[in-house]
Amino acid sequence: TPASDFYRIDTALSAPSVDVSSWHLSVSGLVDHPFSIGWDELLAMDAIERPVTLECVSNEVGQNLIGSALWLGVRTSELLNRAGVQSGADMVLSSSIDNFSVSTPLGALLDDRDALVAYGMNGAPLRPEHGFPVRLLTPGLYGFVGATKWLVKMEVTTFAAKQAYWTELGWSDHGPIKPSSRIEVPRPGSHVSSGSITVGGTAWAHGVGVGKVQVRVDRGAWADVTLGPDAGIEYWRQWLWSWEA
């Protein structure tokens, strides 16, 4: 998904303007060695690039609050391991430069899903509206529990001790993305002629990947479709089917 078309959901009236020369990310809380890292030091760390699909929990069936991109950044596990997480911690409260907060299960930032402090998107720096200079990106979790933009602070803590912006408003503090799929073409409301019609879409199932997609028309039999390339279990997968209309 091009950055220009990637959905934006946040609480900021306008994207904050952040000067990288003064920007710092602090890692604190229930850690043995709290520290703060600047822009140049972050860029000097080993980076990885991962294809990840990000979705908003408010995305309705067939709607556009979902996008997929190549994200570049530093593993959150490297930063947390450097700090030395103490026993009993189970959550990281991350905060943006405008004091928005997100609570993310600690395990999701330490396991092999490669959660990132991301600073690149599709081969370019993050745009301001997508979190420049850095954002948290947690594969497999909806944005409201894993995708803090304009990131400046990661506090290791517990769910019992702290609440984030949305959990204070009664939302869940764990938000795994549910497997789903959608039809991209034909577009809703479009008209097609009788005969062979190409039907195509995307499907996603974070943590396990997509191995099979089926489609049916009205109450007919389920038909297997042709799957597109597999870009990994955290990325959506295209599918294609020919319908005799």
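By class, nine nonpolar, nine polar and five charged residues make up the lining of the largest pocket. This is a predicted model.

**The largest pocket**

The space in this pocket comes to about 480 Å³. Its lining counts 23 residues, and R182, E184, R187, T202 and W236 are the closest to the centre. Two strands each supply at least two lining residues: β11 (180–185) and β16 (237–244). Which strand gives the most to the lining of the largest pocket? β11 does, with three residues.

**The second largest pocket**

Here the space is about 410 Å³. The lining has 25 residues, and the closest to the centre are I9, D10, G143, F144 and W166. By class, 14 are nonpolar, six are polar and five are charged.

The table sets out the class counts for each lining.

| Pocket | Nonpolar | Polar | Charged |
|---|---|---|---|
| Largest pocket | nine residues | nine residues | five residues |

V57, Y165, L169 and W171 make a nonpolar surface patch of about 360 Å². Where is V57 placed? V57 sits in the loop between β3 (48–55) and β4 (66–75). Is V57 buried, partly exposed or exposed? The relative accessible area of V57 is 31%, so V57 is partly exposed. A patch residue needs over 30% relative accessible area, and V57 has 31%.

Key. Residues are numbered from 1 along each chain as its sequence is written. This is a predicted model: local features need pLDDT of at least 70, side-chain atom pairs count only at pLDDT 80 or more; totals for chains, interfaces and linings use all residues. Side-chain values use heavy atoms; hydrogens and water are left out. On a 1 Å grid over the protein atoms alone, a cavity is a set of points where a 1.4 Å probe fits but cannot get out, and a pocket is an open set with protein on both sides within 12 Å along at least five of seven lines; lining residues have an atom within 4 Å of a point. Grid points are joined across faces, edges and corners, and a volume is the space filled by probe spheres set on the points. Helices (H or I, at least four residues) and strands (E, at least two) are DSSP runs, numbered from the N terminus. Ala, Val, Leu, Ile, Met, Phe, Trp, Tyr, Cys and Pro count as nonpolar, Asp, Glu, Lys and Arg as charged, and the others, Gly among them, as polar. Patches are made of residues with over 30% relative accessible area and no salt bridge: like charges are joined within 9 Å, nonpolar side chains (Val, Leu, Ile, Met, Phe, Trp, Tyr) within 5 Å. Accessible areas come from the Shrake-Rupley method with a 1.4 Å probe; for residues, only the protein chains shown count as cover. A salt bridge is a side-chain nitrogen of Lys or Arg within 4 Å of a carboxyl oxygen of Asp or Glu. Buried means under 20% relative accessible area, exposed over 50%, partly exposed in between (1.4 Å probe, protein chains only).
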